[in-house]
Amino acid sequence: MAMRCAGVSAIRALCSSANSTRHVHSTAGSKKIVGVFYKANEYAELNPNFVGTVERGLGIRDWLESQGHQYVVTDDKEGPDCELEKHLSDLHVLITTPFHPAYVTAERIKKAKNLKLLLTAGIGSDHIDLKAAAEAGLTVAEVTGSNVVSVAEDELMRILILVRNFLPGYHQVINGDWNVAGIAHRAYDLEGKTVGTVGAGRIGRLLLQRLKPFNCNLLYHDRIKIDPELENQTGAKFEEDLDAMLPKCDIIVLNTPLTEKTRGMLDKERISKLKKGVLIVNNARGALVDTQAVADACTSGHIGGYSGDVWFPQPAPKDHPWRYMPNQAMTPHISGTTIDAQLRYAAGTKDMLDRYFKGEEFPLQNYIVKEGVLAPQYR
């Protein structure tokens, strides 16, 4: 604890000069807010609650403009001539999303002289250079908890898809084939399997609860142990040593934030020590794993199946090796952007903007960078 407090003090000292120039609380007058979201295109009119898109812009345009603020929404975020770049010099608030990430680099932060607040509509702010944001005295916040149910449900679905070897059967149907043996030779029950989650935060804990009825052997690794009552409820066992836990697992689920420490954590060496035929689900961040090492292990059969919705970079280029590796059940980044989740993170973003305009604090758990200090999970 003493070391952690000392680290926080050091960060505060390093950033104190920057913090004196940028404040989280809004000053009077019209503000320019820019939001970067994915386009709904022809799907925009199919659901009035499809708010996390360019077309609906979280449903906050009328509210912002009625208060005299300017609201610009775009999906154009790449390259020196993109729409986002045109607004960096005079925006005050930038809203981004993990599902169509606008990479907020140190260079972009330097260009944004008026920028005070970076909001993530969703969970996961690693597309922002958090160290640069802290040094610039910016506030970074996200809508904590807004899509944890959505992601945990999706992880459970992916586990079952891999365990039951679902996709080959689906492909047989659409291709006009019928070969039961081609599916059944590697289809298993989930019951009795050892499932380990790397990370037991909000999503990881929900996953453990949802796995309990399947009578699995549940393991988890995290910085801290979960509540003893939840441990007893789920039967999950704490594994302090990650490298001791991973080889025990039939199924591994990644539920940890992307930091400099966790980047590339599942590399070629670690993969080689896993059980042959291990199944891996990753809805956390693509850069947690070595891309080519995963593709190679899927090709050799050492990894029996890999599923997730996160890639690096995003959107994934057409030649990304995960698109073509065998035994994969990948999708675009969709797990946390269900309609229910969109309504929650839209409401949470509006709430933080309202608090910002009024000079009020955000819910403590929403802060990723505050007064030059990074949230514990990003340190």
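**Notes on the predicted model**

1. Leaving aside neighbours within four places in sequence, R186 is in contact with V163, N165, G304, G305 and N327 (contact: heavy atoms within 4.5 Å). The model is predicted, with local features requiring pLDDT of at least 70 and side-chain atom pairs pLDDT 80 or more, while totals for chains, interfaces and linings use all residues. Residues are numbered from 1 along each chain as its sequence is written, and side-chain values use heavy atoms, without hydrogens and water.

2. R186 lies in the loop between α8 (181-184) and β6 (194-198); helices (H or I, at least four residues) and strands (E, at least two) are DSSP runs numbered from the N terminus. R186 counts as partly exposed because its relative accessibility is 23% (buried is under 20%, exposed over 50%, partly exposed in between; 1.4 Å probe, protein chains only).

3. The R186 side chain reaches the backbone oxygen of G304 at 2.2 Å.

4. G305, a contact of R186, is the bridge partner in β11 of L279. Strands β10 (residues 278-282) and β11 (residues 303-308) pair in the parallel sense over five bridges; pairing requires at least two DSSP bridges between two strands.

5. The open sheet comprises seven strands in parallel pairing, in the order β8-β7-β6-β9-β10-β11-β12. Because β8 (237-238) and β12 (328-330) stand at the edges with a single partner strand each, one side of each has no neighbour in the sheet.

Key. A polar contact is a pair of N or O atoms within 3.5 Å; within protein, one must be able to donate a hydrogen and the other to accept it, and residues adjacent in sequence count only if both atoms are side-chain atoms.
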